[in-house]
Amino acid sequence: MVVFAAAHIYSALGGYYAISSDPGTNNIDSVEVAADIIVSIMCLAGVFVSLAAVRSWGILVPRWIVLIPAWVGCFLLVLRGGAGGIDQMMRVSGILPYGFFGSSGSVYVIWAGRFFDAYVMIGAILLVTTTRIYLRRTRK
């Protein structure tokens with residue numbers, strides 16, 4: 001989550017990490033900057049929630065403060081990772097050669113997207129596992 005937040009902060013500040021476009025072809029607008037800021041805040045909150053779920057001090061935090069954002073994060077990561085997987089299947093099968101969002105069909109964009117989708121799915125698996133551990137640990 002820290003790496004993902006850092007990438008979005010870098011992007012919000014005008015940097016370029018190219019997931020859906022070829023290097024040098026993206027146009028940053030205020031909507032993208034706002035999205036980067038929101039995602040960065042969510043990721044940093046996710047760091048707190050994840051640590052609270054597995055560290056001893058997490059028991060001192062009210063359970064709902066950990067569980068609500070943890071389940072929301074699980075849902076969003078699984079949704080985004082699943083959508084990415086479906087998008088990749090559509091590209092590979094040729095049904096939608098440019099994916100759902102019509103991004104470039106270049107080798108760079110395809111592999112960057114695959115890496116990103118895998119990264120999100122790994123995050124989803126880890127957050128779901130962490131949330132389940134917290135549920136067991138705090139069960140009354």
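**Helix packing and aromatic pairs**

Mentor: The axes of helix 2 and helix 4 come within 8 Å and cross at roughly 40 degrees. That angle makes helix 2 oblique to helix 4. Keep in mind that this is a predicted model.

Trainee: Is the crossing of helix 2 and helix 4 left-handed or right-handed?

Mentor: Left-handed.

Trainee: Which residues make the contact?

Mentor: Helix 2 brings S50, A52, A53 and V54. Helix 4 brings L127, T130, Y134 and R137.

Trainee: How does that contact split by class?

Mentor: There are 5 nonpolar, 2 polar and 1 charged residues in the contact of helix 2 with helix 4.

Trainee: OK, now helix 3. At what angle does helix 2 pack on it?

Mentor: About 120 degrees, with the axes 9 Å apart.

Trainee: Switching to rings. How many aromatic pairs are there?

Mentor: The count is 4. One of them is F4 with Y119. Their ring centres are 6.3 Å apart and the planes sit at 40 degrees, so the pair is tilted.

Trainee: Where in the chain are those two?

Mentor: In distant parts, 115 residues apart. F4 is in helix 1, residues 2-12, and Y119 is in helix 4, residues 107-138.

Trainee: Are they buried or exposed?

Mentor: F4 is buried, at 19% relative accessible area. Y119 counts as partly exposed, at 32%.

Trainee: What about F115 and Y119, how are their rings arranged?

Mentor: Stacked, with 6.2 Å from centre to centre and 25 degrees between the planes. F115 and Y119 are 4 residues apart in helix 4, so about one helical turn separates them.

Trainee: Is F115 buried or exposed?

Mentor: Exposed, with a relative accessible area of 59%.

Trainee: Which residues make up the aromatic cluster?

Mentor: F4, F115, F116 and Y119 form one cluster.

How values were computed: Residues are numbered from 1 along each chain as its sequence is written. This is a predicted model: local features need pLDDT of at least 70, side-chain atom pairs count only at pLDDT 80 or more; totals for chains, interfaces and linings use all residues. Side-chain values use heavy atoms; hydrogens and water are left out. Axes are lines fitted to C-alpha atoms, for helices over the stretch in contact, and angles run from 0 to 180 degrees between N-to-C directions. Rings of Phe, Tyr and Trp (its six-membered ring) pair if their centres lie within 6.5 Å; planes under 30 degrees apart count as stacked, over 60 as edge-to-face and the rest as tilted. Buried means under 20% relative accessible area, exposed over 50%, partly exposed in between (1.4 Å probe, protein chains only). Angles under 35 degrees count as roughly parallel, over 145 as roughly antiparallel, 65 to 115 as roughly perpendicular and the rest as oblique. A crossing is left-handed if the near helix is turned anticlockwise from the far one by less than a right angle, and right-handed if clockwise. Contact means heavy atoms within 4.5 Å. Ala, Val, Leu, Ile, Met, Phe, Trp, Tyr, Cys and Pro count as nonpolar, Asp, Glu, Lys and Arg as charged, and the others, Gly among them, as polar.
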